[in-house]
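Let's take a walk through this structure together, starting with its charged pairs and ending with its backbone. Keep the 3D view open as you read.

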Amino acid sequence: MITSNLDNAAQAFTPESLPDLDQLSALSATEAGFPDPVALARLANEFFTSVPTADLTGGAVAVPTDDAALLPSQPGLTSIAPVVTPVPLTSVPADVALPGVGTVSEPELAALPASLSSVPDTKAYGVPGGISAGDFSALPSFGFVDEARPLYGAIPAAAIPATPALETIKFPAETQVSTPAPLPGTIPTVNFPKPAEASAPQVSGVVAHDIQRGRPATYGFIDSVRSLEPVEVTPRLEPLVTSPAAGLVAAPFDLGAVRRDFPILQERVSGGKPLIWLDNAATTQKPQAVIDRLAFFYEHENSNVHRAAHELAARSTDAYEAARDKVAKFLNASSSSDIIFVRGATEGINLVAQSWGRRNIQQGDEIIVTWLEHHANIVPWQQLAAEKGARLRVAPVDDRGQILLDQYEALFTPRTRLVSLAHVSNALGTVTPAAEMVAIAHRHGAKVLVDGAQAVSHMPVDMQAMNPDFYVFSGHKVFGPTGIGAVYGKPEVLAETPPWQGGGNMIADVTFEKTVYQAAPARFEAGTGNIADAVGLGAAIDYINRLGMANIARYEYNLLLYGIEALQRIPGLHLIGTAREKASVLSFVLDGFTTEEVGKALSREGIAVRSGHHCAQPILRRFGLESTVRPSLAFYNTCEEIDALAATVWKLKSGRGSGL
């Protein structure tokens with residue numbers, strides 16, 4: 001019965017049965033005659049678990065190490081490798097290091113159920129392990145039809161029957177055809193290969209840098225990869241099971257359910273076209289849980305916090321401080337007292353500049369930033385340097401947008417007081433080696449602020465491991481409300497930092513002669529805070545924790561590689577920013593078109609991207625540009641949406657339907 005259903009589904013996907021793309025744009029998948037991807041996934045899972053192992057044969061495909069060394073690595077993971085066929089594990093290290101969890105012993109792994117003890121075949125891109133190119137004998141995996149397994153694929157040695165390959169399912173023709181040059185009257189589509197393996201293992205929280213000097217600013221790490229097979233139309237992660245010692249539980253990542261959690265994704269724009277939201281680096285959309293929590297606050301808890309004796313004040317205070325606790329745990333801060341609520345990352349940076357900076361930066365002192373910075377992490381330091389007579393120094397990047405660590409360290413002098421750096425570049429997606437850069441600065445006696453606005457929605461962030469003195473982020477970048485953000489500060493640093501603004505809440509005692517300030521964090525929160533949106537931020541963190549940041553990071557990494565391959569096939573399109581470790585940003589320019597023209601053409605198809613300088617003019621000018629088109633991804637985006645992005649740019653480039 002299952003086989004029959006799959007055969008019927010496959011027959012539905014023929015070139016002759018597909019409607020014209022213009023007709024499809026206004027139709028749902030069901031109306032257009034396509035089966036529901038979620039239903040297909042469930043059928044596939046049933047089918048795969050029913051096929052006997054004896055029918056499966058095959059071996060692994062080795063990958064040339066020259067290509068592998070150039071692949072981007074997944075933030076927080078240690079290597080990348082495709083798994084082509086089922087490969088049972090034959091051994092496992094005595095202790096397995098799980099990113100964000102710690103070391104798990106062999107007895108703990110052995111205690112896992114037998115059903116978690118083999119490696120099913122997938123088309124996964126990112127796996128941990130430090131595995132050399134071509135060595136697939138001990139690869140964990142994940143993907144569309146994975147069995148549940150330990151976090152990041154740490155799997156015990158015993159084997160169970162594996163599942164067959166995904167090629168048994170036929171996907172829509174537009175995801176399989178590779179067309180280097182479009183034919184008249186057709187819409188070009190692409191066939192996306194699985195990437196080769198990265199050879200250099202990564203250390204959690206630290207990037208291993210192997211800069212290829214002299215390479216052009218292109219996606220060299222994937223240029224030589226040839227098409228193998230199409231990846232899933234909608235990649236999906238099954239439940240992750242952690243070691244009991246880890247104390248973590250990750251819920252299933254069901255993409256269909258996740259998308260239903262975001263009501264705005266059902267919105268129609270541009271004359272009835274479905275909204276495709278690829279502007280996540282500017283702001284993320286909000287799940288229903290956050291919207292409901294805000295409504296509940298105003299309906300049942302609305303009051304100012306602290307001091308009042310009535311019940312609503314108690315409810316409001318509890319909700320506000322509970323949100324602070326959630327932020328502290330989300331960042332792995334030592335205490336909720338280390339967390340200051342602000343309007344966003346910009347205000348957080350200004351708070352540090354105007355409080356700690358004014359006290360500690362003097363004439364002749366030096367502040368180091370990098371070429372990658374957002375304007376919000378340049379302008380406050382310029383202002384402070386001008387006021388104090390200090391000097392701003394800039395750490396350079398290579399042609400791939402990676403920090404040149406040797407030149408960064410060479411900038412330090414005995415007068416260096418502060419480093420302020422982005423954890424992830426908003427314009428290029430480069431993930432900086434933040435922990436390594438913090439350690440270098442501390443060796444030279446400088447304090448460090450890390451701008452995490454573009455990091456916290458894509459990867460685990462750990463203050464104990466990274467060890468910055470300050471870390472800032474914005475709530476609206478992490479699926480929470482606008483107008484709320486947080487500053488993490490080390491307790492000993494906050495204790496020596498004077499307040500920035502004066503007013504209510506931040507004082508312990510006031511006379512006309514003097515004021516006694518509260519301890520942190522209250523001394524930095526003058527006036528009535530953004531109570532409701534802080535509570536909403538707490539709800540957003542709850543939502544992310546339910547999905548599991550490990551699930552999110554791996555799904556988005558697959559999607560990033562899919563998008564890279566889709567866009568690089570378009571003639572005249574140049575991807576900007578090719579760092580080995582990237583988050584979900586795909587900046588590009590298109591020959592013959594301004595970025596504004598490309599953005600408008602995409603908008604007409606319901607595709608929202610950012611076109612411009614992204615408040616990061618210095619780094620774009622480093623590449624000889626004033627603006628780029630910037631699609632940016634989140635965990636609710638799909639391969640179908642990337643297909644639509646690529647098809648629209650193809651269409652624009654070939655001069656059909658562009659209106660130009």
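A residue is called buried when its relative accessible area is under 20%, exposed when over 50%, and partly exposed in between (1.4 Å probe, protein chains only). What you see is a predicted model, where local features need pLDDT of at least 70, side-chain atom pairs count only at pLDDT 80 or more, and totals for chains, interfaces and linings use all residues. Residues are numbered from 1 along each chain as its sequence is written, and side-chain values use heavy atoms, with hydrogens and water left out.

With that in hand, look at Arg324, which counts as buried because its relative accessibility is 3%. Its partner in a salt bridge is Glu525, with the closest N and O atoms 2.8 Å apart. (A salt bridge puts a side-chain nitrogen of Lys or Arg within 4 Å of a carboxyl oxygen of Asp or Glu.) This pair links distant parts of the chain: Arg324 is in helix H9 (residues 311-331) and Glu525 in the loop between E18 and H16, 201 residues apart. Helices (H or I, at least four residues) and strands (E, at least two) are DSSP runs, numbered from the N terminus. Glu525 is buried too, since its relative accessibility is 12%.

Asp279 is buried at 3% relative accessibility, while Arg610 is partly exposed at 37%. Together with Arg630, these two residues form a network of salt bridges.

Now turn to the backbone. Most residues other than glycine have a negative phi, and most peptide bonds are trans. Ser270 has a positive phi of about 50° and sits in the loop between strands E7 (268-269) and E8 (273-274). His614, with phi near 60°, lies in the loop between strand E22 (610-612) and helix H19 (617-622). Ser270 is partly exposed, as its relative accessible area is 33%; His614 is buried, with 8%.

Is the peptide bond from Ala520 to Pro521 cis or trans? The bond is cis, with omega near 5°. Pro521 belongs to the loop between strand E18 (515-517) and helix H16 (531-547).
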